[in-house]
2 protein chains.
Amino acid sequence: IFSLANLSDALAIRSALERRPQRALLVGAGLVNLEMAESLSRRGVAVTMLEKCDHIVPGLDPEMADLVEAELARHGVAVWKGRSVRTFFGNPDGRVQSAWVSGIAEPVAADIVLVDIGVRPETGLARAAGIALGRSGAIAVSERLETSAPSIYAAGNCAETLHLVSNQPVANALGTAANKQGRVAGENLARVPAVFRGVLNTWVVRVFDAAVARTGLTEQEARACGFLPVAAQITAGARARYLGEEPVTLRAIADRASRRLLGVQAVGGGADKRVDVAAVALTAGMKVDEAAQLDLGYAPPYSQVWDPFLVAMNALLRYL
Amino acid sequence: IFSLANLSDALAIRSALERRPQRALLVGAGLVNLEMAESLSRRGVAVTMLEKCDHIVPGLDPEMADLVEAELARHGVAVWKGRSVRTFFGNPDGRVQSAWVSGIAEPVAADIVLVDIGVRPETGLARAAGIALGRSGAIAVSERLETSAPSIYAAGNCAETLHLVSNQPVANALGTAANKQGRVAGENLARVPAVFRGVLNTWVVRVFDAAVARTGLTEQEARACGFLPVAAQITAGARARYLGEEPVTLRAIADRASRRLLGVQAVGGGADKRVDVAAVALTAGMKVDEAAQLDLGYAPPYSQVWDPFLVAMNALLRYL
């Protein structure tokens, strides 16, 4: 039974794989377990993935998560939603043998178990030092990443940051932000004034043959933040059809009141590109009207004359 | 001897290829001839490309054009710069046989010649109708694409448009803009008010194994438009190294006075993605400071923790 937080976890998993496990149970369907599902399947391990919620991949709307689930299924990964582990059973050597899964009568056999059930900011040291935490549970910091204790800075998964669309403090546990924050904190420590503006929770992951990516807010998140979200979902070719079909599905969310783009999710060919394009539009607070006419590059291997991103924006305009 | 403007040109070239030409002479090193150089080489035709100017690919700075030239050379295409055709010689059937090229004593043998020396807006009908042309030589239009003659609209290569970075009227001869303009003109004709905001001259082309793309202004164009351009050129991995090297070179231009991003050129893996990202930043009038912290997606197959676009922006900051 492994968690997946750092290099020593990875090394331990690698040596466990030398015992050639037959059946893996992946608890939680987040980014890390999505990558593990692919890696283990490619090594010939039968993979079952459990997700407590009613759809996999937190951070996607259910309509998009379903596409990821289909990609997993197409590659033989069993996905069980709305289920969690009650207890694990071991063999005499102390290794895991099976799990009792909610709603399943028989124990589920498993030679290896990977647990990816979310990230909590490590704030023990900060709390012990009397440093203030923010609403998200991570360490509260200024724009310059200074904590409530003067001259003490926080960066990375432990530090709170601003979501650039919702304007809410969030605990963003992604390496991209951690890297930028490390730089900003370092500059300030070296007395070069620098600010960290915030995040969009942009991520991308490869799930077998599909790129899966998101940025900004999902429809569900937008509603929770008090927006009046409108969603449009389209499927279009990521390149010219005569170069081989490479469909990509985009789900775009906008605010009915302000016409601002709020977020984009993508599954398929070139999902990474369309989500990066959306990330820039979100940072600029762009309205859908402007985003629908962006002058993006076209050549047959890379796009269509109307890039899928523009198709999605034009679809949104019909609902706004 | 063929030009490359429309479908009948393409069909004529295709039937000429059935005569199995051995040597092609490509006059002009623009987008169309770059694509033709690849297509003809793949069919086993020996390709020589002539360019009147001192670097190929108008729309790239010389430093980036050199990378494209190297890619062509690597695939056996001969590139002659600063040269033009004085005259062509035919054989008794009336087909081209060779060309007299400036600065070359011997005639250059060629079974097929393709001429791609730029696009001029077709304004004959407009001029005959007394419709005003703009400074760029294309038909002057309002934001709604109405010409100087009420209720007569112009869209596509014949219509002038605004460059969103320079704010100058330009004749943009790209299908992406033409498509959007056609829609805007159509909506206005159908009495649905719509505006076309302008272009960035974004394009992308595949040259053998490299994507080549640009958006906004090059350093040379920026200087001609009265900016004080600063340029940074970097090479970085477009994805994780262990998935196979895929370097991309980015050249980014910013304005020293306003710190605004002015343009980006890219050659290599994922050039299309980084240039599309830049196109959104340019449309938003983003400063380099903000562009350097964009929350772009990272996973090993798609990027690095610091995306090459961010590396380029951080390089620019050092000069600003």
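## Close-up views of a predicted model

**Figure 1. Domains 1 and 2 of chain A have C-alpha centres that lie 31 Å apart.** The domain assignment of chain A, which is automatic or taken from a database, gives domain 1 (2-115), domain 2 (124-189) and domain 3 (203-319). A note before we zoom in: this is a predicted model, in which local features need pLDDT of at least 70 and side-chain atom pairs count only at pLDDT 80 or more, while totals for chains, interfaces and linings use all residues. Residues are numbered from 1 along each chain as its sequence is written, chains are lettered from A and ligands numbered from 1 in the order in which they are written, and side-chain values use heavy atoms, with hydrogens and water left out.

**Figure 2. Chain A as a whole has nine helices and 15 strands.** These are DSSP runs numbered from the N terminus (helices: H or I, at least four residues; strands: E, at least two). The C-alpha trace spans about 65 × 60 × 35 Å along its principal axes. Why does the radius of gyration of chain A agree with a compact globule? Because a compact globule of 320 residues would have a value near 20 Å, and chain A has 21 Å (taken over C-alpha atoms; the rule is 2.2 Å times the number of residues to the power 0.38). Of the 320 residues in chain A, 51% are buried (under 20% relative accessible area, with exposed over 50% and partly exposed in between; 1.4 Å probe, protein chains only). Among contacts (heavy atoms within 4.5 Å) between residues at least 6 apart in sequence, 57% join residues at least 24 apart.

**Figure 3. Gly156(A) sits in the loop between helix H4 (124-128) and strand S9 (161-162) of chain A.** Gly156(A) counts as buried because its relative accessibility is 9%. Setting aside residues up to four places away in sequence, Gly156(A) touches Ala178(A) and Gln181(A). Look also for Ala138(A): it is 18 residues from Gly156(A) along the chain, and their C-alpha atoms are separated by 10.0 Å.

**Figure 4. Thr123(B) is found in the loop between strand S8 (112-115) and helix H4 (124-128) of chain B.** Is this residue buried or exposed? Thr123(B) has 5% relative accessibility, so it counts as buried. Which residues does Thr123(B) contact, leaving aside neighbours within four places in sequence? They are Leu133(B), Gly137(B), Ala138(B), Ile139(B) and Cys158(B).
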